[in-house]
Amino acid sequence: MTRLLALAITATLAASPVAALDRAAIESTVKGIKESATIRSITPTPIAGLNEVVADGSVVYISDDGKYVVSGILLDVEGRTNLTDRALAGVRTQALDAVPADQRIVFKPHGEVKHRVVVFTDISCSYCQLLHEKLPEYLARGIQVEYLAFPRGGRESPVYAQMAQIWCAEDRNVAFSNAVAGRAVTAVACESPVLDHYDLGDRLGVEGTPAIYDAYGHQLGGFLEPADLERRLSQNKQRADGRAVAAR
């Protein structure tokens, strides 16, 4: 289906008069869709006349003259590469890296850190609880786990208040582990970053928890067994290293 979409796009653009890239027209089209959108980049795709436009946390494809917009996944069939996901990964990486270290709950391996994941979590989520139960196994495999808060019920939910207490605790790691295990957390008032985390997750398209992201901005899905997560992380690291070598 995706290959047919790419062929249809190519045919449509080929049938249209050749137009030079008009950035102003493309920007106007994006603003027409969402006036508050922040355009991060406009980059030509391998399909002549079609441009990859990254705006906020989304990727769309717009013709050189701004008259045609395509929303969907663009695959490089020969290279077996999801070009849309690659673009989104860059956006996610920038957004996640912008979260200060002191706003995260970080569980570090005792030895070498081989991989790092950011996990949007909700203490009331059964798979989040299972992930935390298996935390020693992740750490033993050299996977550093960094939690951000994503109370699924939003700001008005009881879980939001509980997670704010955790992020305000003197020892967040202990408070988080206690909460996941069903133990009480001492109420402490502070300016917690929980709402900022929730808003970030919403912008990134988080719909359920846990939502796991690797260091390259790839969304790895929900709960993964330690061996499966390590395998996925190793594969992504190998691909990223290969692209870095090819780019030199």
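This is a guided tour of one predicted model, stop by stop, for following in your viewer.

Residues are numbered from 1 along each chain as its sequence is written, and side-chain values use heavy atoms, with hydrogens and water left out. Because the model is predicted, local features need pLDDT of at least 70 and side-chain atom pairs count only at pLDDT 80 or more, while totals for chains, interfaces and linings use all residues.

**Stop 1: helix 6**

Select residues 158-168, which make up helix 6. Helices (H or I, at least four residues) and strands (E, at least two) are DSSP runs here, numbered from the N terminus. The buried residues of this helix are Val-159, Tyr-160, Met-163, Ala-164, Ile-166, Trp-167 and Cys-168. Buried means under 20% relative accessible area, exposed means over 50%, and partly exposed lies in between (1.4 Å probe, protein chains only). As you look along the helix, recall that an α-helix has 3.6 residues a turn, so residues three or four places apart point the same way.

Now show what covers those buried residues: the cover includes strand 7 (105-107), strand 8 (115-121), strand 9 (143-149), helix 7 (172-180) and helix 8 (194-203).

**Stop 2: Arg-172**

Step into helix 7 and pick Arg-172. This arginine is buried yet has no salt bridge. A salt bridge is a side-chain nitrogen of Lys or Arg within 4 Å of a carboxyl oxygen of Asp or Glu. The nearest side chain of opposite charge belongs to Asp-102, 6.1 Å away; for charge, Lys and Arg count as positive and Asp and Glu as negative, with His and the chain ends not counted. What does the side chain of Arg-172 reach at 2.6 Å? The backbone oxygen of Asp-102.

To see the surroundings, display the residues that Arg-172 touches (contact means heavy atoms within 4.5 Å). Leaving aside residues up to four places away in sequence, they are Asp-102, Gln-103, Arg-104, Ile-105, Ile-166 and Trp-167.

**Stop 3: the salt bridges**

By the salt-bridge rule, the count comes to nine. Start with Glu-146 and Arg-104, whose side chains meet at 2.7 Å, N to O, in a salt bridge. Glu-146 sits in strand 9 and Arg-104 in the loop between helix 3 and strand 7, so this pair ties together parts that are 42 residues apart in sequence. Both Glu-146 and Arg-104 are buried.

Next, select Asp-122 and Arg-152, which form a salt bridge at 3.0 Å, N to O. This pair links distant parts of the chain, 30 residues apart: Asp-122 is in the loop between strand 8 and helix 4 (126-133), and Arg-152 is in the loop between strand 9 and helix 6. Asp-122 is buried, with a relative accessible area of 2%, whereas Arg-152 is partly exposed at 41%.

Then go to Glu-225 and Lys-134, a salt bridge at 3.3 Å, N to O. Glu-225 lies in the loop between strand 11 (219-221) and helix 9 (226-247), and Lys-134 in the loop between helix 4 and helix 5 (135-140), so the pair ties together parts that are 91 residues apart in sequence. Glu-225 is partly exposed at 35% relative accessible area, and Lys-134 counts as buried at 18%.

**Stop 4: Asn-51**

Move to strand 2 (residues 50-55), where you will find Asn-51. Is Asn-51 buried or exposed? Asn-51 is buried, with a relative accessible area of 1%. The side chain of Asn-51 makes a polar contact with the side chain of Asp-64 at 2.8 Å. A polar contact is a pair of N or O atoms within 3.5 Å; within protein, one must be able to donate a hydrogen and the other to accept it, and residues adjacent in sequence count only if both atoms are side-chain atoms. Beyond four places in sequence, the residues that Asn-51 touches include Leu-21, Ile-42, Val-60, Tyr-61 and Ile-62.

**Stop 5: backbone details**

Select Thr-209 and Pro-210: the peptide bond from Thr-209 to Pro-210 is cis, with omega near -5°. Pro-210 lies in the loop between helix 8 and strand 10 (211-214).

Finish at Arg-80, in the loop between strand 5 and strand 6 (81-82). Arg-80 has a positive phi of about 50° although it is not a glycine, and this residue is exposed, with a relative accessible area of 79%.
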